[in-house]
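The briefing below goes through the fold of a single model, moving from its sheet to the pairing of its strands and then to one residue in context. Please read it alongside the sequence and the coordinates.

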Amino acid sequence: MAQKETRIIITMACTECRSRNYTTTKNRMKQQGRMELKKYCPRPSCRRHTLHREAK
Ligand SMILES: [Zn+2]
C-alpha cells in the first residue's frame with residue numbers, strides 16, 4: 001500500500017504541563033492548522049483530561 005504524504009504523524013502536547021503524551025496522524029488535506037484534542041494527561045501535575053495541542 002502506497003503511503004501518501006497527506007497523512008503525517010504529529011505529536012500532541014498537553015497545553016498545561018507541555019509534556020508530549022500522544023502521537024497521532026492527521027490528514028493534511030482535511031485538517032489544516034493546529035489540531036486540538038481532549039486527552040488524559042498522565043503527568044502527576046495533571047492526572048486528568050486536559051487540552052492537548054499539536055506540537056511542532
Ligand atoms: Zn499535562
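In this predicted model, four strands form an open sheet in the order β2-β1-β4-β3, and their pairing is antiparallel. Because β2 (20–27) and β3 (36–41) each have a single partner strand, they stand at the edges of the sheet, and one side of each is left without a neighbour there. From one strand to the next, the twist averages 40°.

**Overall make-up**

- The chain contains four strands and zero helices, and from the N terminus on its elements follow the pattern β-β-β-β.
- Taken along the principal axes, the box filled by the C-alpha atoms of the chain is roughly 40 × 20 × 15 Å.
- The chain has 56 residues, of which 7% count as buried.

**Pairing of the strands**

- As background, the strands of a sheet pair through backbone hydrogen bonds, and they may do so in a parallel or an antiparallel sense.
- Strand β1, which covers residues 7–14, pairs with β2 in the antiparallel sense over seven bridges, and within this pairing Ile8 stands opposite Lys26 in β2.
- Strand β4, which covers residues 48–55, runs antiparallel to β3 and is joined to β3 by six bridges; here Cys41 has Arg48 in β4 as its bridge partner.
- The hairpin of β3 and β4 has six residues between its strands, and in this hairpin Arg47 takes a positive phi near 50°.

**Thr11 in its surroundings**

- Which residues are in contact with Thr11, once its neighbours within four places in sequence are left aside? They are Arg20, Thr23 and Ala55.
- Thr11 and Arg43 lie 32 residues apart along the chain, and a distance of 16 Å separates their C-alpha atoms.

Notes. Residues are numbered from 1 along each chain as its sequence is written. This is a predicted model: local features need pLDDT of at least 70, side-chain atom pairs count only at pLDDT 80 or more; totals for chains, interfaces and linings use all residues. Two strands pair if DSSP finds at least two bridges between them. Helices (H or I, at least four residues) and strands (E, at least two) are DSSP runs, numbered from the N terminus. Axes are lines fitted to C-alpha atoms, for helices over the stretch in contact, and angles run from 0 to 180 degrees between N-to-C directions. A residue is buried if 20 or more other C-beta atoms lie within 10 Å of its own, exposed if 12 or fewer, and partly exposed in between; C-beta atoms are placed from the backbone. Two residues are in contact if their C-beta atoms, placed from the backbone, lie within 7 Å.
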